[in-house]
Amino acid sequence: MTRTIGSFLFEWNRALAIELNYLQENGGERYILPSGELLAKSHEEYVYHFHTTAELYVPDSSPVRIVYKEREVKGEVIASEGRSLYVKISDFLGNSIEGADLYNEPWQLLESLIDRLKEIKEDRQKLRRVKRLMTGEAPVNHLQKTIKNDQHEALLRSFYNATTYIWGPPGTGKTYTLSRIAANHYRKGKKVLVLSHSNAAVDVLMLEIAKYVKKKQNWHSGDIVRYGFSRNEQMQESPDLLSAKLIENNYPTLFEKQQAFQEERKNLIRRQTGASRMKFVDEHLHKISMEIKKLEQELLEDAQMIGSTLSKTASDRVLYKKEYDLVIVDEISMAYAPQIAFAASLGKRVVVCGDFKQLPPIALADHPYVNQWLKEDLFYQTGMAQKTEKGIFHPHLFMLTKQRRMHQDISAFTNRIIYKGKVSNHKSVIKKQEVANKKPFAKEAALLLNMSNLHAYGAKDSTTGSHYNLVSVLLSMSLILKASKSGIDSIGYVTPYKAQANLMNSLIKEILPNKHILAATVHKFQGSERDSIIFDVVDSFPETRPGMLIKDEKSDRLINVAVTRSRGKFIAVADESFLKKRLPKERALSKLFTHFKNQNSSYQSNQFLRELIQHQKLIWYKPKDDKQMIGDLEKVKKSVLLSIPFASKISDIFWEKIKHKNLEITIFTKEPHAVNLSAAKVIPSSFPYSIMLLDDKVLWLNMPYADHKQILLAARVHAPEMISLLVSYLDFNPEEIIEQTNEIAITSNKINYSLTKYLSVWERCSDCNSVREAEVTKRGKVRLICHYCGGTGGVTRFILQRYIDFVELSCKRCSKPLEAVSSEETICAKCPKCAQIVEPRELV
């Protein structure tokens, strides 16, 4: 049944209102900005680059407040990238800033969008435009023309069809195609609005349009305008594309006058005198600002093509009060459907472009309307994605099929597995071999580093629950160092988890401070690309299962984005043994492991550790080479923090080294009774790593080593900021440590028939009938995991009783058969006579 436009608007408004209320109830987020510097100024606007303590996710154009030295100013986010934040504000805070607070209150953007959607109700023409976008019911007119090639077809669709959906997988030329569509409509005298989710995407598209129009010698200054602030260097240098630059160049005297007043105002603030003169200066600055604003509005009124963001379009009257012949929206997979629908209402024709195989937009509230309309992209909401999966192409859907971004060894996986053979390589990808030829792993473009025997344990930030892995982040940092040394300047590091991205950002800042290396979550990296990408999966033992980010159905999109960010070299870092057993076989990550194995591109530790590089702040050691570690211990002055899972494995010699020092000593261990140090603060903990932190400046990994298994490598890291971040992840609250019983007083007629073996033979997954594996969780429970469908479960009383009967399990003390019993908290085997209890974990 075809839905009415009224039902769309009602549910969109409900979804936006619910998300808005959620954001208001949970309050605006506060971020600490340790430092910042003035980058540029334009009109009465100042652009600052702030360094943050953690990776932020703040959408472009979000309104923010900055509090600095008891002053509060309002601003707008231009872009957030890793731990860098670019903000435009209306007041001067100084050339450099130390210690400011930023408050993000994103609900104002949602309020603007709700207001715009309410206005649509009163305009029948706009309602029709929204309806044909959502239903895809407009006539198909382009087939009446002769189609010369794919690009020509896209162009014809944009001219003759009211709605065009372009499916553009990574590297298939979305920017090229959209720029040609926009430029050709411009040449025909049409008014065009070019939009995207982010400022960065708008910049790229507008620059390509300008380049093409100038090449065709059709450029007329002021006809094509990028509206809003840009930090793109090429855009800043262009004299007649950015609206602010056009006004400045056309009215130099006005800007000279403004600059003189701004300088005088700064001097008055510095001297803290001249209140009457300050009032006079402020009045004149306000008049100049209003005059510039009026000139900018006149420029936009006369412009034939405008480029801006979706958020700005919904909040700026200059944009949403105009009528356009064509609206182009790029990156629709990252935008809310109501945003795109409102944009479509502004134009006689609309072209939307994106990729439903990439990550969907992000919303925080948990509600059916929010889940449907704000957490899924337009391709799914119109039903086009679902039909395509069944092999049915909607008549208004056009797909770009030649990828030019990635080396053929990288795209081999996504072309076949993600896009089912619909995408192929352009002949130009052979040039990507230039990057693949460089180290690490010279001449190889795509490979997997399997950390299975490196004790690369997975852990969680005790505050947020985000996952991190100390071994994989240090290995990845060493690979980044080698890539940089070999001449690769464009390097990226992606991971599913924010905690891990923050650790890497800290390392990069301290080890390679002058290199522009982007480290971010996969969600943040969408829309970016680099010559070389390291993808750190993170999850490993002793966690019982991978995080949902790489396990649920949408994880396939995350893997697709991670792989396709790379142009010439892609290195995946993962514990394959842990993940393969715990991921459903149909998940993309599981298929990626199989792909690497089939391509002979899966490397074990003995094959890839030789690629590690030494740096004065990250040095690798053999585990028994403890001379430097002992030297560091002798120099320590204030504090030692130790994580030693099995304290009984530490030699008396080590305890003696720190016993008589007047130090603050904190020890995390599973064996608190084995700590031979009376003055230490001992915290019972199952934290898996053997690490030592000295004076919060130096970290030793696997030295001293305190585990049962043999270790292959140790490392010394001098990175105080990263160490401080790592300490913030630790849980200083004592845990209840579950220790294994040495001997169980039971007997069986099948001595070697463990509960694990019984479950693998006789108990199958209730969902798919596949074999399940039993594993003991950190709290001592037995979890059953299906490696095919990913389902989990526990050992029930019925299952345990069947096992007891099968192996004839009985009490060694009184020979009575055990019985499976259950209570509110646990299930166990119990002797009915002497009451001996045996837990399932002791039978695994």
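**Notes on the predicted model**

1. Proline 440 is placed in the loop between helix H18 (433-436) and strand S16 (446-450). The peptide bond that joins lysine 439 to proline 440 is cis, with omega about 0°.

2. Proline 542 belongs to the loop between strand S21 (530-536) and helix H22 (555-564). As background, most peptide bonds are trans, and most residues other than glycine have a negative phi.

3. Where does lysine 420, with its positive phi, lie? Lysine 420 is in the loop between helix H17 (408-418) and strand S15 (424-425), and its phi is near 50°. Aspartate 695, not a glycine either, has a positive phi of about 55°. The aspartate is found in the loop between strand S28 (691-694) and strand S29 (698-701).

4. The count of salt bridges comes to 27. One of them pairs glutamate 611 with lysine 482, whose closest N and O atoms are 3.0 Å apart. Glutamate 611 lies in the loop between helix H25 (605-608) and strand S24 (618-621), while lysine 482 lies in helix H19 (residues 470-485), so the pair ties together parts that are 129 residues apart in sequence. Is glutamate 611 buried or exposed? Glutamate 611 has a relative accessible area of 13%, under the 20% limit, and is therefore buried. Lysine 482 counts as buried as well, at 15% relative accessibility.

5. Arginine 567 and glutamate 529 meet through their side chains in a salt bridge of 2.9 Å, N to O. Since arginine 567 lies in strand S22 (residues 566-574) and glutamate 529 in the loop between helix H21 (522-525) and S21, the pair ties together parts that are 38 residues apart in sequence. Arginine 567 counts as buried at 19% relative accessibility, whereas glutamate 529 counts as partly exposed at 28%. A network of salt bridges links Arg405, Glu529, Asp531 and Arg567.

6. Glutamate 839 forms a salt bridge with arginine 841, the closest N and O atoms being 3.0 Å apart. Glutamate 839 is partly exposed at 29% relative accessibility, and arginine 841 is buried at 12%.

7. The aromatic pairs number 25. One aromatic cluster is formed by Trp167, Phe356, Phe379, Tyr380, Phe393 and Tyr419. Charged side chains also lie over ring faces: arginine 116 is 4.1 Å from the ring centre of tyrosine 320, and lysine 214 is 4.7 Å from that of tryptophan 219.

8. Tyr22, Ile362 and Leu364 make a nonpolar surface patch of about 250 Å². Tyrosine 22 lies in helix H1 (residues 5-25) and is partly exposed, with a relative accessible area of 33%.

9. The domain assignment gives domain 1 (29-105), domain 2 (240-300), domain 3 (402-611), domain 4 (618-729) and domain 5 (746-842). How far apart are the C-alpha centres of domain 1 and domain 4? These centres are separated by 39 Å. Valine 64, in strand S3 (residues 63-68), is buried at 3% relative accessible area. From valine 64 to arginine 716 there are 652 residues in sequence and 40 Å in space, C-alpha to C-alpha.

Methods
Residues are numbered from 1 along each chain as its sequence is written. This is a predicted model: local features need pLDDT of at least 70, side-chain atom pairs count only at pLDDT 80 or more; totals for chains, interfaces and linings use all residues. Side-chain values use heavy atoms; hydrogens and water are left out. Rings of Phe, Tyr and Trp (its six-membered ring) pair if their centres lie within 6.5 Å; planes under 30 degrees apart count as stacked, over 60 as edge-to-face and the rest as tilted. A charge sits over a ring if NZ of Lys or CZ of Arg is within 6 Å of the ring centre and within 35 degrees of the ring normal. Domain bounds come from an automatic or database domain assignment. Patches are made of residues with over 30% relative accessible area and no salt bridge: like charges are joined within 9 Å, nonpolar side chains (Val, Leu, Ile, Met, Phe, Trp, Tyr) within 5 Å. Accessible areas come from the Shrake-Rupley method with a 1.4 Å probe; for residues, only the protein chains shown count as cover. A salt bridge is a side-chain nitrogen of Lys or Arg within 4 Å of a carboxyl oxygen of Asp or Glu. Helices (H or I, at least four residues) and strands (E, at least two) are DSSP runs, numbered from the N terminus. Buried means under 20% relative accessible area, exposed over 50%, partly exposed in between (1.4 Å probe, protein chains only).
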